[in-house]
Amino acid sequence: MTTTEARLLNLTERVPQASPHDDIDKVRFYDLGMRRSALMAYKRPSDRILAHVRDGMTDLVEVGFNTGLLSLHVAGKLPDLAVSGVEENQNLVDVAEDNLTLAVWANSAGDVEFEMAKLNRLPFPDDSADIVFSFSSLHRWRRPVETLKECARICKPDGIVIIEDMNRHAEEGHITFILQFVKEGGDEFMRSLQAAYTRDEAAELLKEAGLADWQVVEEDLGLVISSRPLEPVST
């Protein structure tokens, strides 16, 4: 049995991560890997967010911003809109602040702000965000049902919520491709994948949150949850 084959085992049942990102040095290593893969990893989610921007929009919110790379990229593309990010892991917040400082120095930050807060108590008024988005974070949410409710609460009636994360039951070919790409980060990737939800599990979370009319779509390695049908984006 090859190492890759061994890594592909144990994806039947979800295994939550006990303390993800509890070491600042590991978070910086994770951030470095994400920077190197940013062009591939963030292209489709950023294109999807940008495809839903309309005239008159003012505020975007990222729920669980990891190290802030997607918010910084989107804010750089939309300098006239405010992008606010919320994260509840201190190490991730610290590294995101470092990335923000670098972006400001490079004059590419846009109007972006990062804040530490509980994801199940988002610090925003009702109906205040035009687009609420999240990428590669859902599997870490401590209280996913409550956080989904919060995403719905802060989103404007004509806005949209877009949540993307890994699909634990993605086709093996997609998983193998990523393992070959991430190389030394493969074990951490697999632990995250083990903590991810399947399409049916995500649909059940939405049902528990009273959001059964939201959509859950499988896409390559991931799941895409949205509060209404999505605009198509190029692949």
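Which residue in E7 stands opposite Glu 218? I looked this up and found that Leu 223 is the residue in E7 that stands opposite Glu 218.

**Before going further**

I noted that this is a predicted model, in which local features need pLDDT of at least 70 and side-chain atom pairs count only at pLDDT 80 or more, while totals for chains, interfaces and linings use all residues. Residues are numbered from 1 along each chain as its sequence is written, and side-chain values use heavy atoms, with hydrogens and water left out.

**The sheet**

I then looked up the sheet around this pair of residues, keeping in mind that helices (H or I, at least four residues) and strands (E, at least two) are DSSP runs numbered from the N terminus, and that two strands pair if DSSP finds at least two bridges between them. The sheet is open and has 7 strands, in the order E3-E2-E1-E4-E5-E7-E6, and its pairing is mixed. Strand E3 (111–116) and strand E6 (215–219) are the edge strands, each pairing on one side only. On average, neighbouring strands of this sheet are turned by 15° against each other, direction ignored; axes are lines fitted to C-alpha atoms, for helices over the stretch in contact, and angles run from 0 to 180 degrees between N-to-C directions. E6 pairs with strand E7 (residues 222–226) in the antiparallel sense, over 5 bridges.

I also checked what packs on the sheet, and found helix H5 (residues 69–77), which touches strand E1 (59–63), strand E2 (82–87), E3 and strand E4 (129–135), where contact means heavy atoms within 4.5 Å. The direction of H5 makes about 160° with that of E3.

**Salt bridges**

A salt bridge is a side-chain nitrogen of Lys or Arg within 4 Å of a carboxyl oxygen of Asp or Glu, and my search of the whole structure found 13 salt bridges. For the residues involved I used these classes: buried means under 20% relative accessible area, exposed over 50%, and partly exposed in between (1.4 Å probe, protein chains only).

I started with Asp 126 and Arg 153, whose closest N and O atoms are 2.7 Å apart. Asp 126 is in the loop between E3 and E4 and Arg 153 is in helix H7 (residues 144–154), so that this pair, 27 residues apart, links distant parts of the chain. Arg 153 counts as partly exposed, because its relative accessibility is 23%.

Next I looked at Lys 156 and Asp 130, whose side chains meet in a salt bridge at 3.1 Å, N to O. Because Lys 156 lies in strand E5 (residues 155–166) and Asp 130 in strand E4, the pair ties together parts that are 26 residues apart in sequence. Asp 130 is buried, with 6% relative accessible area.

Is Arg 168 buried or exposed? I found that Arg 168 counts as buried, at 2% relative accessibility, whereas its salt-bridge partner Glu 201 counts as partly exposed at 26%.

Finally, I recorded a network of salt bridges that links Arg 44, Arg 48, Glu 164, Glu 219 and Asp 220.

**Leu 211**

My last entry concerns Leu 211, which is found in the loop between H10 and E6 and counts as buried because its relative accessibility is 10%. Leaving aside neighbours within four places in sequence, Leu 211 is in contact with Leu 148, Lys 149, Ala 152 and Leu 206. The C-alpha atoms of Leu 211 and Leu 148 are separated by 8.3 Å, although these residues are 63 residues apart along the chain.
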